[in-house]
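Thanks, everyone. Let me put the structure up and walk you through it. I'll start from the inside.

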Amino acid sequence: MDVDSVIEQLRTVASQANNEGRAKLLKAFAELQPTLEGPKGLFMRLPSIRFLVPIIKLGQDLNIFASLAQSSPNPLSSRQLAAKAPVSTASPVLVLRITRHLASLFTVTQTGPDAFTANPTTHVLATTGADGAMDMLMAARGEVADTIPAFFKKNGYQDVTDEAHTPFQMAFKTEKTWFQHISDSPGLSQSFYQLMLLLKEGDPWYKVFPFEKEIEGFRPATVLVDVSGGVGQQCVDLIAGFPHLNLKGRLILQDLPEMIGSSVVRYEGVEVQARDLFTEQPVKGARFYYLRQILHNWPDDKCVEILKRLVEAFDDESQILVDDIVLPDQGASALATGYDILMMTFMAARERTALDWNRIFDEAGLKILGTHVYAPISMFAITQVGRK
Ligand SMILES: C[S@@+](CC[C@H](N)C(=O)[O-])C[C@H]1O[C@@H](n2cnc3c(N)ncnc32)[C@H](O)[C@@H]1O
């Protein structure tokens, strides 16, 4: 078979695929990589993978993404890019070397030996949100990741279950938990939420979960409590996504007081409450208590406590929506297992299989009513949970 025509067909299929089709294709490409590069190919890639985050950060510091986004669709040379850098000493030779590498990563597009333009990823990287997100990655991931082998050698290769003893504490030489660390540093919490806003795959959850149907005929005031909802993006999106449902005034955002204060989103029509996850839930009888990327931050025993505080506030129609990964028992993607490693190293937490989730819900007096996968690669899903 002619390779070029297969590639051409794949381009067409990829550009027309829906979310599930894209997930299948990405999985197939990941599986094909070792076949194509051979068993030692990984070692050819590892050195440059190691530099990924700092090089993208350098690209931002040099204004490469912002300059290309502004001049789009016109290309810029390394000399023009250097002239637009925030400092006048930036060398065009350095800028060429960095931009050429950024093009190899498809974060910008190379249109000639010394000509570059913006692509959709460039436009995302040019935003202030992406600046904050990269600051977060720079402030945290590298040091903690480097500590992983030493941490496990010291702990005798045990699983991590105590959020006060993780590679994060070892790397940062601190006794604080990860969330204490970021909430004590307003700049970092801002960057954290900017990163959270960029972590997106698939459709919005409420396009897959039948939100409108589920709240049909529901009268009590509070439709949804976004429990530890960070900057409140989900409430804002629900109001905008369902204008005919008059959700203004019927959604409540809760989070730690210091987090609520560092908000980067406006909460028009959203009531905001400071609340610790382990304290009594003051909003009784809401239709949904929504937990987005919360339980995967905590070990099992803490998850049970968090859920019990919500069950105590239930009335007959109340349910919990857990928005987290449901790991497949076999063949999980690197996105999903990567999250698991991330949760383990920073918070002694984890991603969970359906069996893991069942155990936790059961202990909290709950049962699964349905599972709605909305991100088919990472397997983020809404698990709808009600009283047993
Ligand atoms: C991974 S973020 C998820 C935020 C939000 N749900 C989202 O998806 O963007 C975890 C959130 O848990 C909050 N959090 C951490 N510890 C908490 C606690 N003890 N009580 C209440 N919220 C807490 C953090 O402030 C943070 O906003």
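Start at I320. Leaving out residues up to four places away in sequence, I320 touches Y289, L291, L307, L310, L366 and V385. Touching, or contact, means that the two C-beta atoms, placed from the backbone, lie within 7 Å.

Before I go further, two housekeeping points. This is a predicted model, so local features need pLDDT of at least 70 and side-chain atom pairs count only at pLDDT 80 or more, while totals for chains, interfaces and linings use all residues. Residues are numbered from 1 along each chain as its sequence is written.

Back to the core. The largest nonpolar core has 90 residues. I320 is among those with the most contacts inside it, together with L251 and Y289. A nonpolar core here is a set of buried Ala, Val, Leu, Ile, Met, Phe, Trp, Tyr and Cys residues joined through C-beta atoms within 7 Å. Buried means 20 or more other C-beta atoms within 10 Å of the residue's own; exposed means 12 or fewer; partly exposed is in between, with C-beta atoms placed from the backbone.

L307 sits in helix α17, residues 300–311. Helices and strands are DSSP runs, numbered from the N terminus: H or I with at least four residues for helices, E with at least two for strands. L307 counts as buried because it has 23 C-beta neighbours inside 10 Å. Besides I320, L307 touches A364 and L366, again not counting residues up to four places away in sequence. L307 and I360 are 53 residues apart along the chain, yet their C-alpha atoms are separated by 8.9 Å.

Next, helix α15, residues 233–241. Its buried residues are Q234, C235, V236, L238 and I239. What do they pack against? Helix α13 (205–208), and the strands β3 (224–227), β4 (251–255), β5 (270–274) and β6.

Follow the chain out of α15. N246 lies in the loop between α15 and β4. Phi of N246 is near 50°, a positive value in a residue other than glycine. N246 counts as exposed, because it has 11 C-beta neighbours inside 10 Å. Q293 also has phi near 50°, and again the residue is not glycine. Q293 lies in the loop between β6 and α17. With 18 C-beta neighbours inside 10 Å, Q293 is partly exposed. There is also a cis peptide bond, from S72 to P73, with omega near 10°. P73 is in the loop between α5 (64–71) and α6 (78–83). Why flag these? Because most residues other than glycine have a negative phi, and most peptide bonds are trans.

Stay with the loop between β6 (288–292) and α17, where H296 is placed. The UniProt annotation "active site", from an unreviewed entry, covers H296. UniProt positions are given in the numbering used here, feature names are shortened, and annotations may be inferred rather than shown by experiment. Is H296 buried or exposed? H296 is buried, because 22 other C-beta atoms lie within 10 Å. Leaving aside neighbours within four places in sequence, H296 contacts D324, I325, M343, A349, R350 and E351.

On to the ligand. How many residues surround the ligand? There are 14, and the closest are S228, G230, M259, L277 and R292. A residue counts as near if its C-beta atom, placed from the backbone, lies within 6 Å. The shell divides into six nonpolar, five polar and three charged residues. Nonpolar is Ala, Val, Leu, Ile, Met, Phe, Trp, Tyr, Cys and Pro; charged is Asp, Glu, Lys and Arg; the others, Gly among them, are polar.

W357 is buried, with 23 other C-beta atoms within 10 Å. D356 is partly exposed, with 15 C-beta neighbours inside 10 Å. W357 touches V326, R352 and T383, not counting residues up to four places away in sequence. D356 and V326 are 30 residues apart along the chain, with 9.1 Å between their C-alpha atoms.

Finally, zoom out. The chain is divided into domain 1 (51–125), domain 2 (129–198) and domain 3 (205–387). Those bounds come from an automatic or database domain assignment. The centres of domain 1 and domain 3, taken over C-alpha atoms, are 39 Å apart.
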